[in-house]
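Keep the model open as you read.

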Amino acid sequence: MSPILIQEVLQTLPHRFPFVLVDRVLSAEGGTVHALKNVSVNEPYFPGHFPQEPVMPGVLIVEALAQASMFCLHGQLEPGTVGYLAGVEGARFKRKVIPGDQLHLHVKLEFLRRGLGKTTCRAEVDGELAAEATILFAVAKG
């Protein structure tokens with residue numbers, strides 16, 4: 001498949017600036033996704049987290065993984081369908097994510113039944129694990 005560019009990302013996700021945390025989807029096939037988040041010094045959270053040493057908040061890394069999880073269902077959802085975060089299990093943070101990093105979001109769909117889904121996720125920078133989590137979500141009309 002060809003990459004899913006930001007215009008189509010915005011058609012899939014209900015999020016808008018400053019909360020869109022997927023810039024591009026490199027692949028989304030067979031229930032697996034590889035997406036990108038380019039971490040810029042211009043992100044609105046960096047002035048407060050932390051001024052002397054900007055670090056991407058772990059909760060936003062998890063949110064980026066949750067947003068990337070929706071692309072496991074790319075092309076299968078009716079227009080107007082939204083994925084709601086229902087739970088996070090086993091979240092672990094292994095390295096700081098800082099301005100200039102490119103966060104590679106890797107997601108695998110474990111199951112989707114009756115509108116409830118589960119993905120195993122990992123976020124990497126330069127091939128090094130930055131964070132991992134299991135995401136639970138509910139799919140419903142927005």
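Is L103 buried or exposed? L103 is buried, because its relative accessible area is 0%, and under 20% counts as buried. The model is a predicted one.

**Around L103**

- L103 belongs to strand β4.
- Leaving aside residues up to four places away in sequence, L103 has contacts that include A35, L36, K37 and V39.
- Also among the residues touched by L103 are M56, I61, V97, A123, E124, V125 and A130.
- K37 has L103 as its bridge partner in β4.
- Y84 sits 19 residues from L103 in sequence, and their C-alpha atoms are 22 Å apart in space.

**The sheet**

- Six strands make up an open sheet, and the pairing is antiparallel.
- The strand order is β1-β2-β4-β5-β6-β3.
- β1 (24-29) and β3 are the edge strands; each has a single partner strand, so one side of each has no neighbour in the sheet.
- From one strand to the next, the twist averages 20°.
- In general, strands of a sheet pair through backbone hydrogen bonds.

**Strand pairs**

- Five bridges connect β1 with strand β2 (residues 32-38), in the antiparallel sense.
- E29 faces T32 of β2.
- β2 and β4 are joined by seven bridges, again antiparallel.
- Nine bridges link β4 to β5, and this pair is antiparallel too.
- K108 has T120 as its bridge partner in β5.
- β4 and β5 make a hairpin with two residues between them.
- In that turn, R114 has a positive phi of about 45°.

- Which strands does α2 touch? Helix α2 packs on the sheet and touches β2, β3, β4, β5 (116-125) and β6.
- The direction of α2 makes about 55° with that of β4.

**Salt bridges**

- How many salt bridges does a search of the whole structure find? The search finds seven.
- One of them joins the side chains of K141 and E78, at 3.5 Å from N to O.
- K141 lies in strand β6 (residues 128-141), while E78 lies in the loop between α2 (58-69) and β3 (81-93).
- K141 and E78 are 63 residues apart, and their pairing links distant parts of the chain.
- Both K141 and E78 are exposed.
- E128 forms a salt bridge with R95, with the closest N and O atoms 3.5 Å apart.
- E128 is in strand β6 and R95 is in the loop between β3 and β4 (102-113), so this pair ties together parts 33 residues apart in sequence.
- E128 counts as partly exposed because its relative accessibility is 44%.
- R95 is also partly exposed, at 26% relative accessibility.
- K108 and E110 meet through their side chains in a salt bridge of 4.0 Å, N to O.
- K108 counts as partly exposed at 43% relative accessibility, and E110 is partly exposed with a relative accessible area of 38%.
- R95, D101 and E128 form one network, joined by salt bridges that share partners.

Definitions and conventions: Residues are numbered from 1 along each chain as its sequence is written. This is a predicted model: local features need pLDDT of at least 70, side-chain atom pairs count only at pLDDT 80 or more; totals for chains, interfaces and linings use all residues. Side-chain values use heavy atoms; hydrogens and water are left out. Helices (H or I, at least four residues) and strands (E, at least two) are DSSP runs, numbered from the N terminus. Buried means under 20% relative accessible area, exposed over 50%, partly exposed in between (1.4 Å probe, protein chains only). Two strands pair if DSSP finds at least two bridges between them. Axes are lines fitted to C-alpha atoms, for helices over the stretch in contact, and angles run from 0 to 180 degrees between N-to-C directions. Contact means heavy atoms within 4.5 Å.
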